[in-house]
Amino acid sequence: MTTRKFLPLLAALLALCLAAAGCGAVPAASIPDDLESTVTQILLDQTSSGYLEGECAAEGHIILDTVPEGDQTQVYLLASVGQYGFCSGHFEKISGSGAIPTRITLAQDENGGYTLAGYWVPEDGSYYTDSIKETFPAALRYQALHAHDRYSKLAAQEQVYAQAYLDSIGREAPIGEYGDFDHPLATDQGMSVEVSNDLMALRWDFPYFLGNVERVEDGVRYVYETAWDSDGSGTGTATFTKYEYDTNKVVQKYIYQVEGDTYREVQPQGPGPNPE
C-alpha cells in the first residue's frame with residue numbers, strides 16, 4: 001500500500017489531530033503506541049476492500065474506549081477511510097466512507113504485539129441503530145449514534161495523509177471532499193441524458209463529468225479527459241482523450257458528433273493531436 005511508507009512521518013502529525021479530537025475520546029497519552037499504530041494500519045488496509053482505488057489511502061479515527069477482555073482488547077472508535085486522487089487539478093476523496101462507529105477486536109501475539117481478531121461495523125438500513133445499541137457499551141452509544149458530528153475531525157486526519165502524499169511527489173493541489181469541488185455534466189450543457197448514458201457506457205474509463213482524472217499505470221502518469229463542445233442546443237462534439245501527464249503525448253482519442261439523441265464516432269480509436 002502506498003501509504004505505508006509515510007507512517008513514521010504521519011504518526012507525529014496525526015498525534016496532533018488526535019489530541020484535538022474533542023471530548024469523549026480516550027486521551028492520546030493513555031493509548032499504547034503499538035495499539036494506536038495497529039489500529040491505523042487496520043483502517044488503511046480497509047481502503048483496499050470495496051473502494052475505488054486512488055493514489056493515496058487515508059484514514060481518520062477517534063478511539064472512544066479500549067476494553068480488555070482476557071487475552072483480547074475491544075477498541076471502540078469512530079473511523080473513516082478514503083482513497084484520494086487527482087480530479088481536474090484537485091486532490092479529492094474519490095471513494096471511502098463517512099464517520100462509522102467501529103469495533104476492532106485485537107489479540108496479543110506471543111511477542112506482545114497486537115493482531116486483528118475481529119472487525120465490526122453497523123448493519124445497513126433499518127437495523128443500523130439497533131446494531132449499534134447491541135454492540136457499543138451504554139456509555140458510548142450516544143457518540144456512536146452521532147458519529148457524523150465528528151466527521152470533520154476525521155476528515156482532517158485523512159487530509160494529513162493526502163498532504164503528505166502530495167509533498168512526497170512534489171505536487172501542490174487543493175485537498176478536499178468530492179462535494180467541495182464542481183463536477184460539471186454535459187447534460188447540464190445541452191447533451192441528452194440518453195446520449196450521455198451511452199457514451200459513458202462506451203468510455204467508462206473516462207470521467208463522467210467534464211474535466212479530467214489522473215491515473216498512474218505501470219509507472220506512467222496519464223490524464224483521462226472528457227470534454228463537450230456545444231452551443232447548448234443538444235448538438236456538439238464529445239471528446240475523450242488520454243495523454244501522458246509529463247509529455248502531453250496523446251495515446252487515445254475518441255471524438256463523437258452529437259445531434260439530439262443520436263451520435264456517431266468521427267475519429268477512430270488511436271493517437272491524436274496533443275491537447276493544447
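This report describes the cores, strand pairs, aromatic contacts, helices and loops of a predicted model.

## Basis of the description

Because the model is predicted, local features are reported at pLDDT of at least 70 and side-chain atom pairs count only at pLDDT 80 or more, while totals for chains, interfaces and linings use all residues. Residues are numbered from 1 along each chain as its sequence is written, and side-chain values use heavy atoms, with hydrogens and water left out.

## Nonpolar cores

A nonpolar core is here a set of buried Ala, Val, Leu, Ile, Met, Phe, Trp, Tyr and Cys residues joined through side-chain atoms within 4.5 Å; buried means under 20% relative accessible area, exposed over 50%, and partly exposed in between, with a 1.4 Å probe and protein chains only. The largest such core has 18 residues, of which Met 191, Leu 199, Trp 228, Ala 238, Phe 240 and Tyr 256 touch the most other members. At least two residues of this core come from each of α6 (193-202), β8 (220-230), β9 (235-244) and β10 (250-259), where helices (H or I, at least four residues) and strands (E, at least two) are DSSP runs numbered from the N terminus. Apart from this core lies another, of 14 residues, among them Ala 99, Trp 120, Ala 144 and Tyr 151.

With contact taken as heavy atoms within 4.5 Å, and with residues up to four places away in sequence not counted, the residues that Trp 228 touches include Ala 186, Gln 189, Gly 190, Met 191, Leu 210, Ala 238 and Val 258. In soluble globular proteins, nonpolar side chains tend to be buried together.

## Strand pairs and hairpins

Two strands pair if DSSP finds at least two bridges between them. Strand β1 (residues 56-69) runs antiparallel to strand β2 (residues 72-87), the two being paired over 13 bridges, and within this pair Glu 59 stands opposite Val 81 in β2. The hairpin of β1 and β2 has two residues between the strands, and Gly 70 takes a positive phi near 65° in this hairpin.

Strand β4 (residues 100-108) and strand β5 (residues 114-120) are also antiparallel and are joined by six bridges, with Ile 104 opposite Tyr 119 in β5. Their hairpin has five residues between the strands, and here Gly 112 takes a positive phi near 85°.

## Aromatic rings and charges over them

Rings of Phe, Tyr and Trp (for Trp its six-membered ring) pair if their centres lie within 6.5 Å, and planes under 30 degrees apart count as stacked, over 60 as edge-to-face and the rest as tilted. A search of the whole structure finds eleven aromatic pairs. The rings of Tyr 84 and Phe 91 form a tilted pair, because their planes stand at 35°, with the centres 6.1 Å apart; both residues are buried. Phe 86 and Phe 91 are likewise tilted, since their planes stand at 50°, and their ring centres are 4.7 Å apart; Phe 86 is buried, as is Phe 91. One aromatic cluster is formed by Phe 206, Tyr 224, Phe 240, Tyr 254, Tyr 256 and Tyr 263.

A charge sits over a ring if NZ of Lys or CZ of Arg is within 6 Å of the ring centre and within 35 degrees of the ring normal. Arg 171 lies over the face of Phe 86, 3.9 Å from the ring centre, and the charged end of Arg 221 sits over the ring of Tyr 245, at 5.9 Å from its centre.

## Two helices

The expected span of a helix is 1.5 Å times one less than its number of residues. Helix α5 (residues 151-169), with 19 residues, reaches 27 Å from its first C-alpha to its last, close to the 27 Å expected; its buried residues include Tyr 151, Leu 154, Glu 158, Tyr 161, Tyr 165 and Leu 166. Just after α5, Gly 170 takes a positive phi of about 70°.

Helix α2 (residues 33-46), with 14 residues, reaches 20 Å between its first and last C-alpha, close to the 20 Å expected, and among its buried residues are Leu 35, Glu 36, Val 39, Ile 42 and Leu 43.

## Loop residues

Most residues other than glycine have a negative phi. Ser 88, which is not a glycine, has a positive phi of about 50°; Ser 88 lies in the loop between β2 and β3 (90-96) and is partly exposed, with a relative accessible area of 31%. Asn 248, also other than glycine, has a positive phi near 65°; Asn 248 lies in the loop between β9 and β10 and counts as partly exposed at 32% relative accessibility.

Gly 232 lies in the loop between β8 and β9 and is partly exposed at 45% relative accessibility. Leaving aside neighbours within four places in sequence, Gly 232 is in contact with Gln 189 and Gly 190, and its C-alpha is separated by 9.4 Å from that of Ala 186, 46 residues apart along the chain.
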